[in-house]
Amino acid sequence: MAAKVVTVQRPARPRAMDTLGPLAILRGLFVTSSHFFRNLFGFIRGKPTIFTVQYPEELQQLAPAFRGMPVLVQMANGKERCVACGLCEWACPVDCITIYPAETEDEIERYPAVFDIDMSRCMFCGLCEEACPEEAIVMSQRVAIATTDWRGSVWHKSDLLMPATELQTRLTHIRRGYERTGAAATPVARGKA
Amino acid sequence: MAKITVDGTTIEVPDNSMLLPVLLDRGLQVPHYCYHPKLSIDGSCRMCLVKVEGLPKLTISCNTPVREGMVVDTQGPEVTKARQGVLELLLVNHPLDCPICDQAGECYLQDYAFEYGKRAARTQEPRRKLLKRVDVGPRVVLDQERCILCRRCVRFCKEITETRELGVFNLGDQSVVDIFPGEPLDNDYSINTADICPVGALLSKDFHHKMRVWFLDETESVCPGCSNGCNVKVGAARGSVYRLLPRRNDEVNDTWMCDQGRLGYRFVNEHRVRTPRVRRGTTPPENASWDEALQQTTTQLSELSRRDGAGALAAVVSPHLTNEELFSLGQLLAGGLRIQQRDVAVISGKSDDFLIKADKAANARGASDLGLAATAGAADLAAIRAAIEAGTIRGLFVTGTDLWEVWGEAAARILGRLEFLVVVASNEHPLLDLAHVVLPGLTFAEKNGTFTNHAGRVQRIHRALDPGTQPSDGEIFLQIGRRLGMEITPGLFDPRQIFGAITRRVPRYAALGWDDLGRQGQPTADA
């Protein structure tokens with residue numbers, strides 16, 4: 001098969017904007033400084049015109065669907081809701097969860113004696129949350145997992161516990177998810193017709 | 001033989017058998033809870049309903065005898081609907097305990113609920129509240145809420161152990177399985193009730209809340225607890241053994257095993273010897289390299305043999321070694337070390353007329369079959385003991401630590417008289433402090449090989465845990481042999497190859513083949 005020859009139309013001569021370097025520089029400087037001054041006046045007036053979050057003093061408002069690091073829900077009595085059933089451990093595609101179950105004298109007789117998540121392996125997929133039958137592990141809005149020591153990337157049970165009150169947004173969000181997937185007791189009609 | 005038609009296929013089945021076992025043998029999936037091949041028929045769960053042409057209603061297949069020309073439907077819509085109904089009734093009061101229930105993952109109720117169940121309950125009433133975590137015995141815990149009253153455990157205690165500890169109490173929806181007041185479920189086979197429980201009502205305390213079953217790798221093996229050689233599955237996860245479960249073998253243990261054997265796996269996980277030790281000057285021996293330990297063994301033993309003659313050496317053989325290791329050890333003793341005086345040290349214990357045998361080692365029979373036990377007229381364990389006390393035996397090559405229990409309190413005094421003591425052991429033991437060289441061995445869970453049970457049945461064991469670079473006992477014997485200048489084929493210790501050598505050398509094993517042993521083992525010629 002013969003190759004097809006394409007003829008490209010090029011401008012016969014370069015434009016003035018491309019050949020006269022100083023003009024191009026001045027044009028660029030005008031764009032930059034107009035933004036600078038607009039932002040500066042906006043900042044002085046206390047009404048910033050641009051979207052810059054002053055992290056870490058300011059934190060962004062995240063959507064309930066945002067998946068940060070997985071945490072364990074802490075009940076009002078200070079104990080974890082987790083019963084160490086091991087489903088998140090099984091669901092985890094990167095095997096970052098390690099649980100050793102144990103027995104207690106409480107009414108719920110089982111609890112995790114060890115619950116470790118290796119945050120350096122966690123990929124924030126949220127399958128653990130989806131697998132959990134107890135709403136005990138949820139994806140929080142925490143994202144700061146940086147550490148100065150590799151051992152620090154393994155989060156233990158005490159580090160992972162977070163009071164249920166702080167996780168209310170996410171818990172409400174995942175409960176809405178049950179209805180969407182049809183897992184609720186009463187089937188939910190989807191769409192029209 | 002009778003001809004019956006099942007789901008459109010005509011099959012030949014033995015006369016006088018019930019329908020359900022026949023169907024299960026053909027690989028058909030007929031759900032059932034109360035039927036167990038080794039127990040009497042109860043017919044209480046109503047789950048194995050099938051449609052038989054000519055009968056007015058659906059019938060339970062476990063209690064329907066086969067009949068010539070019978071036409072059976074196990075799959076049809078009528079049958080499925082009936083099973084769904086039965087399952088719904090069984091689940092009416094079943095608690096949603098799956099996340100905290102040890103049975104989850106191997107639970108018949110979960111399996112059938114997945115197949116036949118509805119996603120949500122239709123009942124609005126609160127579920128029945130019964131006792132949870134009832135301490136029915138020292139090794140078993142009962143959860144009455146989870147029980148579906150299939151009465152397998154009750155029949156087991158009545159028919160197999162004949163101890164009758166468990167019973168069904170009260171009537172109607174108040175019925176519960178329980179023990180009689182002050183009569184705990186404390187027989188030697190009590191944990192079998194947890195095995196046969198199709199749900200999580202009876203559970204082994206040892207395994208309670210230890211590990212999810214889906215994380216366990218199950219390896220077929222043989223129980224090392226006594227010479228009965230019960231077939232087991234070794235459940236291992238994260239480098240540890242978590243439980244032993246009996247495996248069906250009608251020639252050996254049916255589907256049962258004793259509690260002592262089942263709980264006797266802990267030595268695999270605990271107090272292991274991992275590095276060789278050599279005594280330098282005073283007691284106890286210190287960690288050393290493999291090279292140093294093996295070198296010490298060979299030089300000291302040959303030195304003693306050259307100085308005082310072969311009569312100054314003796315060997316005590318462990319009945320926990322596999323046949324292949326015993327065979328290699330036999331060659332090492334006869335060839336490289338030239339040790340004539342040798343015997344097997346077997347701990348003797350409790351026995352009964354069912355599964356528990358007095359010899360508390362898996363391969364005592366194998367050791368005598370392979371000629372490592374003292375024959376009549378030769379120096380036996382008592383003679384070796386006397387010779388050590390008299391000072392004629394100066395060096396002792398010991399495999400295993402059972403000798404300590406066999407000789408009892410005098411063991412330390414007797415062994416202290418030795419000039420040179422080599423011990424090949426897998427676990428920490430006071431005997432090791434007296435040794436001059438300690439060589440770490442492996443346990444049954446880390447080896448491939450065969451055991452011969454008390455009746456002469458040769459059965460395979462498979463490696464459940466990876467020992468890493470640690471050599472097996474057989475490898476140690478080969479390496480000692482090589483250092484002593486024996487002619488040994490190059491390469492690692494290969495159980496298959498050595499089993500071949502056993503079948504050629506030992507007449508009793510001549511008809512056996514490594515690949516023919518299968519999952520159930522094969523009897524030796526005279527067994």
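How many nonpolar, polar and charged residues are in the lining of the second largest pocket? The lining has 22 nonpolar, eight polar and 15 charged residues. (Ala, Val, Leu, Ile, Met, Phe, Trp, Tyr, Cys and Pro count as nonpolar, Asp, Glu, Lys and Arg as charged, and the others, Gly among them, as polar.)

Quick housekeeping: this is a predicted model, where local features need pLDDT of at least 70 and side-chain atom pairs pLDDT 80 or more, while totals for chains, interfaces and linings use all residues. Residues are numbered from 1 along each chain as written, chains are lettered from A and ligands numbered from 1 in written order, and side-chain values use heavy atoms, leaving out hydrogens and water.

**Stop 1: the pocket.** Select Tyr108(B), Arg152(B), Asp195(B), Ile196(B) and Lys233(B), which lie nearest the centre of the second largest pocket. Its volume is about 1,200 Å³. Now colour β12(B), which gives the most to this lining, with four residues. (Helices are DSSP runs of H or I, at least four residues, and strands are runs of E, at least two, numbered from the N terminus.)

**Stop 2: helix α3.** Select residues 108-116 of chain B and pick out Leu109(B), Tyr112(B) and Tyr116(B), the buried residues of this helix. (Buried means under 20% relative accessible area, exposed over 50%, partly exposed in between, with a 1.4 Å probe and protein chains only.) Look down the axis of α3(B): its buried residues fall within an arc of 75°, so they line one face of the helix. (The arc is taken from the directions from the helix axis to the C-beta atoms.) They pack against α2 (77-91) of chain B.

**Stop 3: Leu415(B).** Where does Leu415(B) sit? Go to helix α12, residues 411-416 of chain B. Leu415(B) counts as buried because its relative accessibility is 1%. Show its contacts (heavy atoms within 4.5 Å): leaving aside residues up to four places away in sequence, Leu415(B) touches residues including Trp404(B), Trp407(B) and Leu434(B). Then draw a line to the C-alpha atom of Arg385(B): the two C-alpha atoms are separated by 8.9 Å, though the residues are 30 apart along the chain.

**Last stop: chain A.** Select chain A and find six helices and six strands. Of its 193 residues, 28% are buried. From the N terminus on, follow the elements as α-α-β-α-β-β-α-β-β-α-β-α.

How values were computed: On a 1 Å grid over the protein atoms alone, a cavity is a set of points where a 1.4 Å probe fits but cannot get out, and a pocket is an open set with protein on both sides within 12 Å along at least five of seven lines; lining residues have an atom within 4 Å of a point. Grid points are joined across faces, edges and corners, and a volume is the space filled by probe spheres set on the points.
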